[in-house]
Amino acid sequence: MDELLNSLVETGLRGGTPTRNEALAVLRTSDDDLLDVVAAAGKVRRRWFGRRVKLNYLVNLKSGLCPEDCSYCSQRLGSRADILKYTWLKPEEAADAAAAGVRGGAKRVCVVASGRGPTDGDVARVSRTIEAIKERTGGVEVCACLGLLSDGQAEQLRAAGADAYNHNLNTAEATYGDICTTHTYDDRVATVKEARTAGLSPCSGLIAGMGESDEDLVDVVFSLRELDVDSVPVNFLLPFEGTPLADQWNLTPQRVLRILAMVRFVCPDVEVRLAAGREVHLRSLQPLALHMVNSIFLGDYLTSEGQAGKADLEMIADAGFEVEDAETTTMPAHRNGSSGAAPEEPAAAVADGSGAGSDSGAAERSHARVAVRRRGAGTELPPNA
Ligand code: SF4
């Protein structure tokens with residue numbers, strides 16, 4: 001174990017890539033070794049991001065009624081999840097919600113809309129929304145998440161002031177067809193590349209807990225590394241009642257921590273964001289995750305409730321971390337085009353699928369229900385920020 005962790009830390013400190021076997025071994029470590037794994041990933045996290053935690057705030061511009069069939073999603077075609085459903089927020093309504101997040105400490109606002117992808121009219125509407133948010137908040141970072149992009153749309157969003165674009169790969173290429181049949185993995189990769197080409201900071205991540213194998217998880221994280229995205233949101237499935245994955249309670253807090261460690265080792269100098277599912281699946285172990293991720297969402301998620309924003313801030317302070325302020329550059333210097341030392345190129349990876357560590361056994365099943373968001377954007381109630 002010491003040899004594995006020493007190798008992972010040495011590689012991560014210079015920004016290199018571990019082998020696939022090492023990444024798999026992290027997922028298969030035993031509970032006895034869990035704190036050593038967290039501590040090793042913490043060394044890599046602190047090398048690139050110190051003890052800073054970047055707060056992101058979600059504004060769901062348009063909720064539910066999507067024609068796509070992503071099986072994990074409460075907004076999908078045929079979903080019977082009892083979520084908020086509404087059409088486009090007005091720019092000023094979105095700016096109100098964004099301002100609440102910024103007052104709560106958010107450094108980036110993520111504007112999201114359900115759907116396969118935006119029409120040109122939708123992009124024009126979101127552009128007005130981005131401009132309203134920037135004006136209201138004094139220029140907070142804005143990330144747009146609108147689905148698959150058509151030609152020229154990324155450029156229009158960039159021109160409107162968007163800083164980043166999110167489009168998750170979600171799972172491994174080989175098994176993508178198991179979670180969605182209405183678009184492909186390649187469609188998603190193409191949109192991430194279009195965003196980068198337009199000058200938007202690419203943000204793309206995954207969802208764990210959908211019944212995938214260790215190899216699938218390693219595959220998708222290596223794909224994200226190869227795409228060289230700037231930020232990687234790591235979601236843990238929220239099995240909404242009324243969706244096909246409602247009975248997929250596969251995660252334990254220990255498993256979640258191992259997955260986050262693996263992502264940090266494979267993407268050492270990238271913003272790793274603990275996203276949906278942290279409260280439900282990590283429960284009392286949430287603060288340990290801060291040693292590996294450098295970014296979380298503040299307050300509620302798109303369609304589900306999060307921990308109170310105030311509790312997020314208290315957790316960060318209690319764990320000895322600090323909220324990243326607007327003047328601090330999130331990314332290491334070499335990822336911002338300045339003269340900082342660049343990490344080495346990804347090492348050739350060996351993929352024979354064998355794991356060195358032990359598996360802690362079957363996940364304890366929790367059948368807690370997912371709490372649906374009832375406040376904030378699209379409601380009369382103040383947001384949780
Ligand atoms: S395209 Fe987006 S909103 Fe629609 S079902 Fe898939 S994840 Fe949900």
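In this predicted model, helix H3 (residues 34–49) packs against helix H10 (residues 253–266) at an angle of about 30 degrees, and their axes are 9 Å apart. The crossing of these two helices is left-handed. On the H3 side, the contact is made by Leu 34, Val 37, Val 38, Ala 41, Val 44 and Arg 45. H10 contributes Gln 254, Leu 257, Arg 258, Ala 261, Arg 264 and Phe 265. By class, the residues of this contact are eight nonpolar, one polar and three charged.

H10 also meets helix H9 (residues 214–227), with axes that come within 10 Å and cross at roughly 30 degrees. Because of that angle, H9 counts as roughly parallel to H10. H9 passes H10 in a right-handed crossing. Leu 217, Val 221, Phe 222 and Arg 225 of H9 make the contact with Ile 259, Met 262, Val 263 and Val 266 of H10. This contact has seven nonpolar residues, one charged residue and no polar ones.

| Helix pair | Angle | Axes | Crossing |
|---|---|---|---|
| H3 and H10 | about 30 degrees | 9 Å apart | left-handed |
| H9 and H10 | roughly 30 degrees | within 10 Å | right-handed |

The model also holds a ligand. Which residues surround the ligand? They are Cys 66, Glu 68, Cys 70, Cys 73, Gln 75, Arg 76, Ser 114, Arg 116 and Gly 147. This shell divides into three nonpolar, three polar and three charged residues.

How values were computed: Residues numbered from 1 in each chain as written. Predicted model: local features only at pLDDT ≥ 70, side-chain atom pairs only at ≥ 80, totals over all residues. Axes fitted to C-alpha atoms, helices over the stretch in contact; angles between N-to-C directions. Helix = DSSP H or I, 4+ residues; strand = E, 2+ residues; numbered from the N terminus. Left-handed = near helix turned anticlockwise from the far one by under 90°. Contact = placed C-beta atoms within 7 Å. Nonpolar A, V, L, I, M, F, W, Y, C, P; charged D, E, K, R; others polar. Parallel < 35°, antiparallel > 145°, perpendicular 65-115°, else oblique. Near = placed C-beta within 6 Å.
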